[in-house]
Amino acid sequence: MRADGKNLTGHAGVVLLRKVADRVGLATVLSAALPKGTGPGWRDRGMALVQLACAIVLGATNILEAEQLQHHWKSLFPRPVSDSTLRRTLEAIDGPVAARIERVRAVVRRMVWTLLALRPGGFPWIAVCGRELTGWYVLDLDATIVTCSSKKEGAAGTFKGSFGHMPLGAWVANTRECVAMLLRPGNAPPNDVDDHKSVLASAFRQLPLPLWSKLLIRIDGAAFSHDVLGHLQSLTTSRRRVRWVTGWAINDADEKAIARLPEKVWTAALRQDGQLHEIKGPDGEWLSYQVAELTGVRDLTGWPQGMRLIVRRVKPSRRDAKKLTAFEKRTGWRYQIVATNIPSHQGLSGVPGSGQVWFVDALYRDHAEVEDRVKAIKRVGLGLLPSKSWQFNAAWVLAATLAADLDTWTRLLLLHDEPELAAAEPETIRRKLYHLPARLTSHARRRTLHLDRTWPWAGAFTAAWKRATELPART
């Protein structure tokens with residue numbers, strides 16, 4: 001073994017991330033938003049933040065790892081940003097600076113969405129039960145727990161018995177972008193009204209929605225409160241139509257209303273592919289989910305006007321036996337309720353049958369995909385808060401969302417014809433694409449990155465690079 005190689009690159013996939021960042025002008029707008037320094041050794045903080053975002057995408061979990069990881073691509077970008085410079089960059093991100101970064105992120109996102117609309121296939125629309133929600137932008141909200149083993153500022157016991165923080169985020173289901181992330185103490189209530197309003201406001205500022213836009217918001221049971229549902233109802237304006245579907249905590253009044261439902265109103269629930277939603281029972285038999293309308297039976301006085309309740313039932317499994325209420329034990333069914341303002345006769349405009357109970361139920365269950373987005377961003381920076389300082393950790397969360405943006409934009413713009421890579425988990429795409437080794441050569445004022453010709457995804461890498469070079473540069 002000899003340590004005498006030259007111009008070797010350990011993580012060649014960084015060129016795709018950096019190229020996308022350069023084309024959409026991310027470093028330029030971040031430089032304008034961040035405070036500027038002085039002196040001969042001053043480093044551009046916008047570029048430093050982009051370098052940090054690239055390192056986070058490639059697996060860095062703290063500032064020191066981000067500095068060391070840059071040495072893997074030193075032949076490509078010969079001036080790594082030191083850990084002290086990265087730390088000073090994050091320490092400079094206070095409330096006003098974070099607000100400016102939020103505004104410039106929205107500007108860049110508008111350009112990315114324009115490029116998405118121009119690519120083959122156009123802007124991505126989600127599909128539920130085989131029906132495409134064309135023209136509907138879907139926003140999913142969810143909270144997660146970031147555990148820690150030491151006393152950090154804001155860390156506290158969570159409602160699940162763990163210790164750490166509980167950030168609340170918002171994701172666009174169409175593009176899988178994380179458009180808002182609010183760092184919260186670990187003891188923050190799951191259904192805090194002000195936190196949901198803050199995250200929704202931040203997400204709305206990020207969404208480059210056209211006039212007369214149609215927006216669908218999905219939240220789990222954390223939205224079960226008069227104030228949250230009332231706020232969701234108030235989001236509709238003369239230029240924006242907002243529909244929402246949320247979870248609902250079952251109480252005695254709901255169980256009494258369910259008991260009054262006749263057996264004939266129950267209908268079969270459907271999966272996302274349009275097939276019957278069935279599970280295997282304890283005796284090997286197939287049991288199907290059933291749904292029914294509860295709106296006309298349950299008294300909804302005081303709740304938002306036009307709100308509907310959809311109830312779903314299924315035969316409980318052995319795992320659920322200990323969680324059943326007395327009512328569920330007596331009836332032999334396990335129940336769940338969904339609240340929505342989607343009208344039964346109109347549904348979602350342009351989507352046939354979207355007002356039916358089976359569609360609303362499937363639409364809410366599709367919200368479970370946000371759990372995959374949560375797991376992904378926790379593997380891209382959010383899984384560990386590196387400091388005891390609240391301000392520094394809040395800046396790190398912002399850097400993690402920038403890294404998630406950069407990773408998502410790379411997949412959307414460069415890998416849209418490689419579904420295996422575009423939807424891959426962070427560890428998978430790192431192993432297949434981002435951590436690809438290469439050798440850099442120079443000749444006739446041109447630099448060439450040489451990949452292993454036998455690498456299974458070398459063709460996908462070169463095709464992605466070609467698309468990156470063809471992207472129009474932001475002026």
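Which element gives the largest share of the lining of the largest pocket? Select helix 12 (370-382): the largest share, 6 residues, comes from there. Before you click on, note that this is a predicted model, where local features need pLDDT of at least 70, side-chain atom pairs count only at pLDDT 80 or more, and totals for chains, interfaces and linings use all residues. Residues are numbered from 1 along each chain as its sequence is written, and side-chain values use heavy atoms, with hydrogens and water left out.

**Stop 1: the largest pocket**

Stay with the pocket and select Thr-175, Arg-176, Arg-373, Ala-422 and Ala-423, which lie nearest its centre among 37 lining residues. (Helices, H or I with at least four residues, and strands, E with at least two, are DSSP runs numbered from the N terminus.) The volume is about 820 Å³. Colour the lining by type and you get 21 nonpolar, 5 polar and 11 charged residues. Here Ala, Val, Leu, Ile, Met, Phe, Trp, Tyr, Cys and Pro count as nonpolar, Asp, Glu, Lys and Arg as charged, and the others, Gly among them, as polar.

A pocket here is an open set of points on a 1 Å grid over the protein atoms alone, with protein on both sides within 12 Å along at least five of seven lines; a cavity is a set where a 1.4 Å probe fits but cannot get out, and lining residues have an atom within 4 Å of a point. Points are joined across faces, edges and corners, and a volume is the space filled by probe spheres set on them.

**Stop 2: the cavity**

To see its lining, select Ser-31, Leu-34, Pro-35, Lys-36, Trp-42, Asp-44, Arg-45 and Gly-46. That set divides into 3 nonpolar, 2 polar and 3 charged.

**Stop 3: helix 16**

Next, pick residues 458-470: the 13 residues of helix 16 reach 19 Å from first C-alpha to last, close to the 18 Å expected at 1.5 Å a residue (the expected span is 1.5 Å times one less than the number of residues). Show side chains for Ala-458, Ala-460, Phe-461, Ala-464 and Ala-468, which are buried. They sit on the same side of helix 16, because they cover an arc of only 160° around the axis (the arc of the directions from the helix axis to the C-beta atoms). Lys-466 and Glu-470 are exposed on the face turned away from that buried side. Buried means under 20% relative accessible area, exposed over 50%, partly exposed in between (1.4 Å probe, protein chains only). Among the elements covering the buried residues are helix 1 (14-23), helix 15 (426-434) and strand 19 (446-451).

**Stop 4: helix 8**

Over in helix 8 (residues 226-234), Val-228, Leu-229 and Leu-232 are buried. Their arc of only 95° puts them on the same side of helix 8. Helix 7, strand 10 and strand 11 (240-248) are among what covers them.

**Stop 5: the loops**

Go to Leu-211, in the loop between helix 7 (193-206) and strand 10 (213-219). Leu-211 counts as exposed because its relative accessibility is 53%. Finish at Ala-444, between strand 18 (438-443) and strand 19, where phi is near 55°, a positive value in a residue other than glycine.

Methods: Contact = heavy atoms within 4.5 Å.
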